[in-house]
Amino acid sequence: MWRPDPAFRRGLVGASSLVILAAVVTAPSASAASWQAVDTITGTGLGASVQTWEARPVDYNGDGRQDVWIGHHDRGGELWRNNGNGTYTRVALNGWPMVDPVSGKVPDRHDCEWADVDRDGRPDAYCSAGRGGTNSVKTGKDNELWLQRSPGAFTEVGTARGLGDVCGRSHYVAFLDANGDVYPDLFVANVPPRPVADPCDNPANGLTNELSKLYINKGGTGFTYRPDLGIGGNTGGRCAEVADVNGDGWDDLLTCGPGVQLYRNNRGSGFTDIAAANGLTSASDAQFGDLDRDGDLDLVTSRFTQFGYRLNTGGSFGPEIRIAAVAAGGGGRSVALGDADGDGDLDVYALVTNIPAATNPQDFIYRNDGLRFTPVPVPSAGGVGDAVTALDGNGDGRTEFLVLNGAGKAGASQRIELVFR
């Protein structure tokens, strides 16, 4: 059974500027010491000020170091190699261009996720694309599958491999094992159609539908759209997270925006939405992680008014327990999990934003000590907060949080480390 490499999975990215948070423990002084977040982006190579959408960790070259892909919406994407000394170098310069070299069009690129789709030992990237402000059909600027033909050399083959989706307003994507073979399958989230005149609404045009889609991998040679397996609608605009919720060895799928869907994998025969049975109704983002260290995956969510968690007991989630309310003037936008202080517990990065007002309210890292959460304020950043991803760029086992503050606008990148002083 194929299992996605955790290095390909989403970690902790906070919104519009780039923030990495890690923990370094120092001896407390005689005066009152405390955990603080410090910006150390200078000199890493990642400190650009540019609009962003998402970032994804991946060891693309198999050297044991965690590299990172960063997307810049309609301005292309970048793959950064981890040099192992706290710095990064941009590689694969021909990949994820701002302008498609064949069509001359600009993809409205959103999320990119990584998996070895053809089982050749090299991770590949699938990237979603929206339809832009003009709601154009995506011919010539469609979703992409970038196959890694040799280390650092990528070729785009999405439409040729059956993954074109010219009518979908594609946002978050996720690789998962849907059917129990060794080849990764793919979920593509398409958000609700715009209420405008649209060629995709006329069946006579022979275009694809605008629903979210589950694609089954055909032995590494292509993909088949399978609407009969129980995943569809227009969900996944804010998250798509994969986890074995009930420990049966099969990948389940959680999507959020609009609403929340928790698709239980029926051992390869299809999926059943069990969100309502678990009390899941709304979230702007979600992450799975073992908060209480009991061996199963709990659920942490952001909502407009608060951040909270639900403990997993035997594959079912309990009621939401609040970590923190969101202060007036902001809304909970994104979460990420990682051990930022090195104590073995998963801490929570809570990203707050206010996109309509184009402001970036205060973010916090909530340090987890046996399910007691203590807030550490993150230095203020420009831009507009939108997403957060967890990394371990220096390989020390302590989490760094890469925070993007672009949200369609330029936002200064930050690298934040937790220090005790």
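**Strands, rings and enclosed spaces in a predicted model**

Modeller: Pro 258 has its place in the loop between strand 18 (252-256) and strand 19 (260-265), where strands (E, at least two residues) and helices (H or I, at least four residues) are DSSP runs numbered from the N terminus. The structure is a predicted model, in which local features need pLDDT of at least 70 and side-chain atom pairs count only at pLDDT 80 or more, while totals for chains, interfaces and linings use all residues. Residues are numbered from 1 along each chain as its sequence is written, and side-chain values use heavy atoms, with hydrogens and water left out.

Biologist: What is omega for the peptide bond that joins Gly 257 and Pro 258?

Modeller: The loop between strand 18 and strand 19 holds Pro 258. The bond from Gly 257 to Pro 258 is cis, and its omega is about -10°.

Biologist: Is Arg 119 buried or partly exposed?

Modeller: Arg 119 belongs to the loop between strand 9 (108-115) and strand 10 (124-130), and its phi is positive, near 60°, although the residue is not a glycine. Buried means under 20% relative accessible area and exposed over 50%, with partly exposed in between (1.4 Å probe, protein chains only). At 46% relative accessibility, Arg 119 is therefore partly exposed.

Biologist: What relative accessible area does Leu 371 have?

Modeller: Leu 371 also carries a positive phi, about 70°, without being a glycine. Leu 371 is found in the loop between strand 29 (364-368) and strand 30 (373-377). Leu 371 counts as partly exposed because its relative accessible area is 24%.

Biologist: Which residue of strand 15 is the bridge partner of Leu 186?

Modeller: Two strands pair if DSSP finds at least two bridges between them. Strand 14 (residues 185-190) and strand 15 meet this with three bridges in the antiparallel sense. Within strand 15, Leu 186 has as its bridge partner Tyr 215.

Biologist: In the hairpin of strand 15 and strand 16, which residue takes a positive phi?

Modeller: Strand 15 and strand 16 (residues 223-225) run antiparallel and are joined by three bridges, with Asn 217 partnered by Phe 223. Five residues lie between the strands, and the positive phi, near 65°, belongs to Gly 219.

Biologist: How far from the ring centre of Tyr 225 does the charged end of Lys 213 sit?

Modeller: A charge sits over a ring if NZ of Lys or CZ of Arg is within 6 Å of the ring centre and within 35 degrees of the ring normal. The charged end of Lys 213 sits over the Tyr 225 ring, and its distance from the centre is 5.5 Å.

Biologist: Why is the ring pair of Tyr 349 and Phe 401 called tilted, or what is the angle of its planes?

Modeller: Rings of Phe, Tyr and Trp (its six-membered ring) pair if their centres lie within 6.5 Å; planes under 30 degrees apart count as stacked, over 60 as edge-to-face and the rest as tilted. The whole structure has twelve aromatic pairs. For Tyr 349 and Phe 401 the centres are 5.5 Å apart, and the pair is tilted because the planes stand at 50°.

Biologist: How many residues apart are Tyr 349 and Phe 401?

Modeller: Both Tyr 349 and Phe 401 are buried. Tyr 349 lies in strand 28 (residues 347-353) and Phe 401 in strand 32 (residues 400-404), and the pair links distant parts of the chain, with a separation of 52 residues.

Biologist: Which residue in strand 6 stands opposite Arg 56?

Modeller: Strand 5 (residues 55-58) is joined by four bridges to strand 6 (residues 67-71), and the two run antiparallel. Arg 56 and Val 58 point one way from strand 5, Ala 55 and Pro 57 the other, and all are buried. Ring pairs link Trp 69 with Trp 96, Trp 114, Trp 146 and Phe 154 in a cluster. The residue opposite Arg 56 is Trp 69.

Biologist: How far apart in space are Asp 392 and Pro 57, C-alpha to C-alpha?

Modeller: Asp 392 is in the loop between strand 31 (387-391) and strand 32. In sequence, Asp 392 and Pro 57 are 335 residues apart; in space, C-alpha to C-alpha, the distance is 8.8 Å.
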